[in-house]
Amino acid sequence: MVMALTISIKNRFLNPSFHFRSGVILLTHFRTPTPHFNHFSTSANQESNSVETRIESLCQKPYSIVNLRKAVSFFEETVDTGLVPSGPTSDLLLQTLAKNKEYTMAFAVYKKMTAAGASPRYLSLSALVDCLVHFSAPQLALGVIGLILKHGYSVNVYVANVVLNGFCCSGFAAKAEVFLDEMSRNSVSADIVSFNTLIKGFCRQRELDRAVSVKKRMECANISPNLITYSVLIDAHFTEDQVDKAMGLLDEMKTKGLEPDVFLYNTLINGFCSKGDVDRSKELLNEMLGKGISPDIVTYSCLMRGHCKKGNLKEVKRLFNDMIKEGIRPDVVTFTGMIGGIFQFGKAEKAVELFNFMLKKGEEPTNITYNVLIDGLCKAGLSDEAFKILEIMVKKDKKPDIVTYNTLLRGLFDLGKADIAVKLFDSMMSNKKHVEPDSYTVSTVVQGMCSEGLLEKAEKINREMSKQKKPVDVAPYTVLIGAYLKAGNVTKAMNLWREFIDLGLVPDSRSYSAFIDGLCRCGLINVAKGVFTKMRKCGPSPTSYDYSILMAALCKESSLEQARALFTDMLEGACAPDVASYNIIIESTIKAGDIQSASELLADMQSRSLHPDSWTFSMLINRFSKLGLMDEATSFFKRMKEFGFRVDIFVYDSLLKGFRADGKSDEIIDLLHEMAASGVVLDSEITSTILACLCDVSEGCDVVKLIPEFTQEKLEGSSIPCDELLRRLENIVPTLRTSSPQSVQV
């Protein structure tokens, strides 16, 4: 590891300037400085000792930013006079600053110290590791580990865990695992914190399998998982909709003698609430209380948010009162979660009432609270009220952030108020008091204007942002390319693709997907295939969505063999097919008359734990009805209802046409009654189908009695009264009697 780290230092630290998200610029070489101290007089030494005493005194006092700034000021003034405080004093100052998260000041002290020629000791270097991890530069922190080893110090597990956490928090869990391996090879034994950090890192990146494998590795190292381990993994399994496995982990934990604490119960309650299972969450709350574990503010916040989403506002009120009785004061996070939940249920007025109640209770809203309110009001179509909330925000000296502006812009465009949205965007660009637009702002404006058909204006805004060196990424180009292809302007789309490539922007998965989809819609399938091939060769790897787009286009032009070749490529490991992929290939196979292969594909889909969706059933019912295979169509119709899918007009229309072709009048009448009982609203197309079916009913039948009363809910522009339906039928078969006592909407 020493050799590897030494190489890393040579490569990473030759350039003295490093930029971080915080805006801090590091202008230093992390190397052992060459001492250039002068011999000081006795008086100079006395002065130095006096300064050191003052620095140490300030560092040892309870945390105070004023005291720390004084200590740093004394340090810098001393160095400027040519005196450098001793190693222990420098160590203490750096450690104190890092411990209190004053990383910018800590790094400034480190630079000052090394620039003066002082050789950093172990504690100073370990404080530097903390700083670099905070600045999201774990690779540089790794280089400092190399310096620690080069100085002859050994690395302890605490410092190693700091680096490990840095990699994980920056989204580099795989690199963190490599570092964990290096730790063990260099006699730094990983502890429970090391493994939990890595597990959390993989869970954060939604790499659950790797997180579980780290747990197994942890157990092989004779380190037993603790409540934190299980809490992180259970939460991750809920996130991935693997509730059964989450509960399996809970059972495993209990068999190992670990009993859930309030934190783990909160994880479980939050998991079930996020899935809408508030009843199970309530059971867990009762279980907690039965064990003498007191719920905390997180427990109540999760439960109230869950009930808000379900619209159980009475239960929310009861929980809120229980929380107050328990002496737990709701904080801004609790209120914000409840407000967001109420908005999701569509109760905008209630959400605003709760906000006002929050203000009366003296709880100060944060920017997140205001953003949730503005977002909810915009989605409810109440843009004027959203601006009033913005006004309150400004009056309270809360500066709207970029999320606030982006939320307003998106809300205005969604409400069709593009003119107001553009004015707001223009004011952001011209008024320095506003927040500077980010790439999401540009994407939102471009998307909104394209939705209004203002493609050229959207393109102009995007180009102006690029000229002004504003943050522009591939997203707005993706929107513009998709919009121009939808409008049939292939030349414009091609030019935009070349433009963002020339700007050095790299196409992402969404860019390729939009381009391939648009080209297929324009009938340029060969060009789309070329783009798809380039995507496969250069990356990013095509997704199942990309495969499905191309397969659907190929099937549409009857190139079934090419579509099958793509599907085979997916099965062979290029990309796991999803339900949509199977639906496309199954439908085309049935259309080609190969029922046997279609059945095998359906079985293969289910063997991969992919369950048919509503489109699968609709497609199968439609295709089998057209082929006259009504037993099969009826069987899938029953299964569709058993699966709990809503049967739409398209399915009923397919069945009616199939029964008519088979001359099954009784089945037609039975299906009509089922449709009426289900509250189906008829449109013009299915009305025509019903008319055609009733024409085939035997003469002498009382058609009025045969036709059920359908829902009176109107489908705009297409619902007709029952009398009108019968009048149309009489025009087709004049011998039918059409007396009806009243008009019924169908």
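Student: Which helix gives the most residues to the lining of the second largest pocket?

Tutor: In this predicted model, helix α30 gives the most, with eight residues.

Student: How much space lies in that second largest pocket?

Tutor: The second largest pocket holds about 600 Å³ of space. Of the 24 residues in its lining, those closest to the centre are Ala-552, Ala-553, Cys-555, Lys-556 and Ile-584.

Student: Which elements each supply at least two residues of that lining?

Tutor: They are α28, α30 (544-556), α32 (579-591) and α34 (614-626).

Student: And how does the lining of the second largest pocket divide by class?

Tutor: It has 12 nonpolar, four polar and eight charged residues.

Student: Then the largest pocket: how much space lies there, and which residues are closest to its centre?

Tutor: The largest pocket contains about 710 Å³ of space. Its lining has 26 residues, and Gln-447, Cys-450, Thr-478, Val-479 and Ala-483 are the closest to the centre. Two or more lining residues come from each of α22 (402-414), α24 (439-451), α26 (474-486) and α28 (509-521).

Student: What are the classes in the lining of the largest pocket?

Tutor: That lining divides into 10 nonpolar, eight polar and eight charged residues.

Student: Let us take Thr-478. Where is it, and is it buried or exposed?

Tutor: Thr-478 lies in helix α26. Its relative accessible area is 11%, so Thr-478 counts as buried, the limit being under 20%.

Student: What does Thr-478 contact beyond its neighbours within four places in sequence?

Tutor: Thr-478 is in contact with Asp-508, Arg-510, Ser-511 and Ala-514.

Student: A change of topic: how many disulfides are found?

Tutor: A search of the whole structure finds zero.

Student: Is Cys-520 buried or exposed, and what about Cys-378?

Tutor: Cys-520 is buried, at 12% relative accessibility. Cys-378 is buried as well, at 4%.

Student: What about the overall picture: how many helices and strands are there?

Tutor: The protein has 40 helices and two strands. Of its 746 residues, 47% are buried. Its accessible surface comes to about 37,300 Å², and carbon and sulfur atoms account for 51% of that area.

Student: What share of the contacts with a separation of 6 or more is between residues 24 or more positions apart?

Tutor: That share is 62% in the protein.

Student: Now the backbone. Which peptide bond is cis?

Tutor: The bond from Gly-539 to Pro-540 is cis, with omega near -5°. Pro-540 is placed in the loop between α29 (525-538) and α30.

Student: Where does a positive phi occur in residues other than glycine?

Tutor: Ser-558 is one of them, with phi near 65°, and Ser-609 has a positive phi of about 60°. Most residues other than glycine have a negative phi, and most peptide bonds are trans.

Student: In which loops are those two serines, and are they buried or exposed?

Tutor: Ser-558 is in the loop between α30 and α31 (560-574), and Ser-609 is in the loop between α33 (595-607) and α34. Ser-558 is exposed, with a relative accessible area of 64%. Ser-609 is exposed too, at 56%.

Student: Further along, where is Arg-646, and is it buried or exposed?

Tutor: Arg-646 sits in the loop between α35 (630-642) and α36 (649-662). It counts as exposed, at 69% relative accessibility. Its C-alpha atom is separated by 7.7 Å from that of Ser-614, 32 residues apart along the chain.

Student: Last one: which residues does Glu-674 touch, beyond those up to four places away in sequence?

Tutor: Glu-674 touches Phe-637, Lys-641 and Tyr-652. The C-alpha atoms of Glu-674 and Tyr-652 are separated by 9.8 Å, with the two residues 22 apart along the chain. Glu-674 belongs to helix α37 (residues 665-677) and counts as partly exposed, at 25% relative accessibility.

Conventions. Residues are numbered from 1 along each chain as its sequence is written. This is a predicted model: local features need pLDDT of at least 70, side-chain atom pairs count only at pLDDT 80 or more; totals for chains, interfaces and linings use all residues. Side-chain values use heavy atoms; hydrogens and water are left out. A disulfide is a pair of cysteine sulfur atoms within 2.5 Å. Buried means under 20% relative accessible area, exposed over 50%, partly exposed in between (1.4 Å probe, protein chains only). Helices (H or I, at least four residues) and strands (E, at least two) are DSSP runs, numbered from the N terminus. Contact means heavy atoms within 4.5 Å. Accessible areas come from the Shrake-Rupley method with a 1.4 Å probe; for residues, only the protein chains shown count as cover. On a 1 Å grid over the protein atoms alone, a cavity is a set of points where a 1.4 Å probe fits but cannot get out, and a pocket is an open set with protein on both sides within 12 Å along at least five of seven lines; lining residues have an atom within 4 Å of a point. Grid points are joined across faces, edges and corners, and a volume is the space filled by probe spheres set on the points. Ala, Val, Leu, Ile, Met, Phe, Trp, Tyr, Cys and Pro count as nonpolar, Asp, Glu, Lys and Arg as charged, and the others, Gly among them, as polar.
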